[in-house]
Amino acid sequence: MISFLMRRTIPRCRAYSSQTTSELTKVEVNEKTGVAVVTLNRPPVNGLNVAALRSLEKVIGDLETNKCKGLILSSSSKNIFCAGLDLTEIYKPDQEKLKSLWTAFQDLWIKLYGASFPTTAALNGHAIAGGCVLALSCDYRVMVPNSSIGLNETELGISPTAWIIASMQNVLSKRSVELALLQGRIYKTNQALEIGLIDEIANDKDETIKKCEEFIAKYSRVQSLAFSLTKRELRGKAISELTSNRQGDLQFFVDSINNPSVQKFLEKYLQSLKSKKN
Ligand SMILES: CCCCCCCC/C=C\C=C\CC(=O)SCCNC(=O)CCNC(=O)[C@H](O)C(C)(C)COP(=O)(O)OP(=O)(O)OC[C@H]1O[C@@H](n2cnc3c(N)ncnc32)[C@H](O)[C@@H]1OP(=O)(O)O
């Protein structure tokens with residue numbers, strides 16, 4: 001359990017106190033503001049396996065319980081926010097693990113997208129596929145230059161489900177969503193800003209966090225209850241639709257991943273990622 005100690009005399013530079021809940025997700029809470037920096041920590045690329053998804057979901061649940069004032073999602077990697085689902089878990093998958101993976105991803109999205117406090121993504125690097133979904137589930141995105149963000153699922157041979165489309169529709173125009181999803185497009189930082197996929201560019205990781213803090217501070221005069229009820233009104237429909245069709249959504253994912261042409265693509269894709277270094 002994360003405890004919130006509001007010691008107002010703590011100097012600014014020491015305000016964040018480390019409260020590690022797991023090696024996979026580090027949590028630091030600013031004791032002055034009640035804002036939590038949650039850092040994804042699964043090297044090398046923060047690939048999302050069941051343990052990583054569950055760890056982040058638990059942290060968000062704890063932050064809810066402790067009436068967190070805001071969340072800044074970050075990464076311990078130098079140049080990668082998150083490379084999406086762990087591809088090794090969806091290539092030649094164990095069927096039970098595959099189901100657990102998608103169920104954990106659904107659970108995490110429900111918590112993050114529906115969080116009752118302001119949420120931000122401090123994108124210190126690439127945010128691809130599931131990594132982009134994490135960013136889109138937040139209320140605000142700040143990214144460093146020369147990084148990539150987008151949903152490349154159609155390139156992988158799978159199609160985004162309704163709740164993922166809803167997350168993108170929340171942020172982009174209908175036209176931009178169509179182009180982004182149908183083309184499986186990955187955007188560079190400046191292109192992402194142009195279409196509204198991110199909200200701001202920052203020079204480095206520290207600045208992404210500072211800009212996220214500034215965004216969250218804008219809510220200091222807003223009543224927490226009004227904030228959470230309004231957010232629920234805005235986002236509740238997409239969440240309810242997933243909640244009432246979790247099994248169907250899971251089956252669609254499992255069938256998509258088991259499709260032989262998707263498996264064939266994944267084999268080549270993984271090889272191409274590995275051979276980049278040679
Ligand atoms: C309903 C049915 C459809 C369901 C899905 C639809 C909904 C969509 C929503 C969510 C989507 C979920 C699916 C996914 O998330 S699948 C994951 C897709 N991810 C990617 O395509 C990203 C692939 N990676 C990259 O492009 C690059 O690695 C990059 C992140 C840009 C970083 O590049 P770089 O800094 O050059 O690092 P490397 O490429 O050398 O990578 C370092 C090592 O990490 C391995 N790697 C990379 N990505 C992954 C990954 N996602 N999972 C596991 N491993 C990964 C890479 O192979 C290198 O390994 P090694 O050091 O052993 O060579």
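The model is predicted. Helix α3 spans residues 95-113 and has contacts with helix α10 and helix α6.

**α3 with α10**

- Helix α10 covers residues 224-243, and its axis comes within 10 Å of the axis of α3.
- The two axes cross at roughly 165°. Angles over 145 degrees count as roughly antiparallel, so α3 and α10 are roughly antiparallel to each other.
- Their crossing is left-handed.
- From α3, the contact uses Gln106, Trp109, Ile110 and Tyr113. From α10 come Lys231, Arg235, Ala238, Ile239, Leu242 and Thr243.
- By class, these residues are 6 nonpolar, 2 polar and 2 charged.

**α3 with α6**

- Helix α6 covers residues 162-169. The axes of α3 and α6 come within 12 Å and cross at roughly 30°.
- Angles under 35 degrees count as roughly parallel, so α3 and α6 are roughly parallel to each other.
- This crossing is left-handed.
- Trp102, Phe105, Gln106, Trp109 and Tyr113 of α3 meet Trp163, Ile164, Ala166 and Ser167 of α6.
- The contact has 7 nonpolar and 2 polar residues, with no charged ones.

**Nonpolar cores**

- The largest nonpolar core has 68 residues. Those with the most contacts inside it are Val38, Leu73, Leu123, Leu134, Ile149 and Met168.
- A second, separate core has 11 residues, including Ile72, Ile209, Phe215 and Ile216.
- Beyond four places away in sequence, Ile149 touches residues including Leu123, Met143, Arg185 and Ile198.

Notes:
Residues numbered from 1 in each chain as written. Predicted model: local features only at pLDDT ≥ 70, side-chain atom pairs only at ≥ 80, totals over all residues. Heavy atoms only, no water. Axes fitted to C-alpha atoms, helices over the stretch in contact; angles between N-to-C directions. Helix = DSSP H or I, 4+ residues; strand = E, 2+ residues; numbered from the N terminus. Parallel < 35°, antiparallel > 145°, perpendicular 65-115°, else oblique. Left-handed = near helix turned anticlockwise from the far one by under 90°. Contact = heavy atoms within 4.5 Å. Nonpolar A, V, L, I, M, F, W, Y, C, P; charged D, E, K, R; others polar. Core = buried A, V, L, I, M, F, W, Y, C linked by side-chain atoms within 4.5 Å. Buried < 20%, exposed > 50% of the residue type's maximum accessible area, 1.4 Å probe, protein only.
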